[in-house]
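Reader: I would like to learn how to read the features of a structure such as this one, taking them one at a time. Could we begin with the sequence and the model in view?

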Amino acid sequence: MAKNEELKTNGVFPVGDKNDAYAQYFIGQSYLKGLVSPEDNIDFGVGNVTFEPGCRNDWHIHHDGFQILLVTGGEGWYQEWGKPAQLLKTGDVVVIKEGVKHWHGATKDSWFSHVAITKGQSEWLEKVTDEEYNKL
């Protein structure tokens with residue numbers, strides 16, 4: 001059993017559905033639960049993203065906005081282009097400014113969950129290769 005597997009059924013927020021809409025931008029399985037709706041009439045998104053062990057998103061950049069990650073469970077990685085990866089644990093906060101190339105996802109042996117607050121448009125770039133990921 002992987003570490004923090006209880007996140008699949010007992011996280012701070014519901015795990016949501018398989019993240020099929022964004023699956024092309026991930027390696028592995030992620031889940032997404034939107035926490036605000038269009039009726040809320042705000043210009044940013046708030047969602048709970050849960051990653052199975054080894055799952056990570058592709059390198060990407062946020063344009064005309066930002067992203068804030070609030071780690072709610074498990075263990076994960078955050079890395080900015082040209083910098084070492086940072087291990088993330090429950091309670092960590094990551095502020096990602098406009099134009100910063102980065103990726104985030106679970107460690108190899110743990111589930112990982114964060115709330116993502118995102119404003120602007122995402123530009124999806126190359127995959128985080130197994131070679132890069134396995135060095136962590």
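Author: Let us start with pockets, for which a definition is needed: a pocket is an open set of grid points with protein on both sides within 12 Å along at least five of seven lines, and its lining residues have an atom within 4 Å of a point. Please keep in mind throughout that this is a predicted model.

Reader: With that in hand, which residues lie nearest the centre of the largest pocket, and how many residues line it?

Author: The lining of the largest pocket is made of 28 residues, and those nearest its centre are Y22, L32, G45, Q67 and T118. The volume of this pocket comes to about 630 Å³.

Reader: Which strands supply the lining of the largest pocket, and what is its make-up by class?

Author: At least two lining residues come from each of β3, β4, β6 and β10, and it is β10 that gives the largest share, with eight residues. By class, the lining of the largest pocket holds 11 nonpolar, 15 polar and two charged residues.

Reader: How should I read a cavity, and how many cavities of 30 Å³ or more does a search of the whole structure find?

Author: In a cavity the probe fits but cannot get out, whereas a pocket is open. The search of the whole structure finds one cavity of 30 Å³ or more, and the volume of the largest cavity is about 30 Å³. Its lining consists of L7, G11, V12, F13, P14, V15, N48, T50, T72 and S113, which divide into five nonpolar, five polar and no charged residues.

Reader: Let us turn to charges. What is the general idea of a salt bridge, and how many does a search of the whole structure find?

Author: Side chains of opposite charge can pair when their charged atoms come close. In this structure the search finds seven salt bridges. One of them joins D109 to K3, with the closest N and O atoms 3.7 Å apart. D109 is in the loop between β9 (102-106) and β10 (112-124) and K3 is in the segment before α1 (7-10), so this pair ties together parts that lie 106 residues apart in sequence. Both partners are partly exposed, D109 at 41% relative accessibility and K3 at 37%. K3 and D109 are also linked with E75 in a network of salt bridges.

Reader: Where do R56 and D130 lie, and what parts does their pair tie together?

Author: The side chains of R56 and D130 meet in a salt bridge at 2.7 Å, N to O. R56 belongs to strand β5 (residues 56-57) and D130 to helix α2 (residues 130-134), so the pair ties together parts 74 residues apart in sequence. R56 is buried, with a relative accessible area of 3%, while D130 is partly exposed at 48%.

Reader: Is D58, the partner of K127 in another salt bridge, buried or exposed?

Author: D58 counts as buried, because its relative accessibility is 3% and buried means under 20%. Its partner K127 is partly exposed at 36%, and the closest N and O atoms of this salt bridge are 3.3 Å apart. K127 lies in the loop between β10 and α2, and D58 in the loop between β5 and β6 (60-80), so the pair ties together parts that are 69 residues apart in sequence.

Reader: Which residues make the nonpolar surface patch?

Author: V12, F13, L35, V36, I42 and F44 make a nonpolar surface patch of about 450 Å². Among them, V36 is found in the loop between β3 (30-34) and β4 (45-51) and is partly exposed, with a relative accessible area of 33%.

Technical notes:
Residues numbered from 1 in each chain as written. Predicted model: local features only at pLDDT ≥ 70, side-chain atom pairs only at ≥ 80, totals over all residues. Heavy atoms only, no water. Patch = residues over 30% accessible without salt bridge, like charges linked within 9 Å, V, L, I, M, F, W, Y side chains within 5 Å. Areas by Shrake-Rupley, 256 points an atom, 1.4 Å probe, with all protein chains shown as cover. Salt bridge = Lys/Arg side-chain N within 4 Å of Asp/Glu carboxyl O. Helix = DSSP H or I, 4+ residues; strand = E, 2+ residues; numbered from the N terminus. Buried < 20%, exposed > 50% of the residue type's maximum accessible area, 1.4 Å probe, protein only. 1 Å grid on protein atoms, 1.4 Å probe; cavity = no way out; pocket = protein on both sides within 12 Å on 5 of 7 lines; lining within 4 Å. Points joined across faces, edges and corners; volume = space filled by probe spheres on them. Nonpolar A, V, L, I, M, F, W, Y, C, P; charged D, E, K, R; others polar.
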